[in-house]
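Okay everyone, thanks for coming along. Let me put the sequence and the structure up, and then I'll talk you through them.

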Amino acid sequence: MMAKLKEENKLQKFVEDNNLHRRSISKWSSVNESVSNFPQLDETMLKLLTLGTYQLKLCPSYIQEYMGSECTIDVFRETCDLIRVRLQSRHISSKTYQVWIQYDSDHVKAWYCQCRAGARTVGTCSHVASVIWYLSG
């Protein structure tokens with residue numbers, strides 16, 4: 001875990017290098033509230049991703065707020081293993097965050113969020129944890 005802590009976030013680099021943080025609609029296709037091939041993670045796997053239960057306890061209330069606002073889930077058109085979710089900030093009404101999650105059928109491979117804590121490679125921020133919890137449930 002200490003070695004992974006010092007690694008750069010490769011998904012963040014991919015997003016920035018390919019300008020996926022821009023609002024280009026042509027690279028993304030919108031989906032409904034579920035992603036059909038997203039891995040179904042149990043509570044143990046979610047605890048390993050989030051490094052504990054604190055963020056998991058907050059997920060239900062966060063998701064309720066996110067889904068009530070302008071939340072969209074998009075799939076990257078070039079590959080089917082990357083999604084982008086736009087979330088309204090819980091604290092600042094004019095602020096939105098974008099979350100990117102790369103996955104395969106068994107597990108979540110990488111994540112990146114535009115929030116202050118979103119580029120970490122060990123553990124997740126609350127935005128990423130909430131999206132993973134919602135989609136894997």
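So, the chain has five helices and five strands. Going along the sequence, the order is α-α-β-α-α-β-β-β-β-α. The radius of gyration is 14 Å, close to the 14 Å from the globule rule for 137 residues, so the chain is as compact as a globular protein of that length. That radius is taken over C-alpha atoms, and the rule is 2.2 Å times the number of residues to the power 0.38.

Before I go on: this is a predicted model, where local features need pLDDT of at least 70 and side-chain atom pairs count only at pLDDT 80 or more, while totals for chains, interfaces and linings use all residues. Residues are numbered from 1 along each chain as its sequence is written, and side-chain values use heavy atoms, with hydrogens and water left out.

Now the overall picture. Along the principal axes, the C-alpha atoms fill a box of roughly 35 × 35 × 30 Å. Of the 137 residues, 42% count as buried. Buried is under 20% relative accessible area, exposed is over 50%, and partly exposed is in between, using a 1.4 Å probe and protein chains only. If we take contacts with a separation of 6 or more, 60% of them are between residues 24 or more positions apart; a contact here is heavy atoms within 4.5 Å.

Let's go to the strands. How many of the residues of strand 4 are buried? Six of the eight, so to speak of residues 96–103 is to speak of a mostly covered strand. Strand 4 has strand 3, residues 82–88, as an antiparallel partner over seven bridges, and there V85 sits opposite V99 of strand 4. Strand 4 also pairs with strand 5, residues 108–113, again in the antiparallel sense, over five bridges. Pairing needs at least two DSSP bridges between the strands. W100 has Y112 in strand 5 as its bridge partner, and a hairpin of four residues joins strand 4 to strand 5.

And the end of the chain? Which residues of helix 5 are buried? They are H127, V128, A129, S130, V131, I132, L135 and S136. That's eight of the 11 residues in 126–136, so helix 5 is largely enclosed by the rest of the structure.

Last stop, a few loop residues. As background, most residues other than glycine have a negative phi. N19 has a positive phi, near 55°, and is not a glycine. You'll find N19 in the loop between helix 2 (10–17) and strand 1 (28–31), and N19 is partly exposed at a relative accessible area of 35%. L51 isn't a glycine either, and its phi is positive at about 60°. L51 lies in the loop between helix 3 (43–50) and helix 4 (54–68). G52 is also found in the loop between helix 3 and helix 4, and it counts as partly exposed at 24% relative accessibility. From G52 to S93 there are 41 residues in sequence and 29 Å in space, C-alpha to C-alpha.

Technical notes: Helix = DSSP H or I, 4+ residues; strand = E, 2+ residues; numbered from the N terminus.
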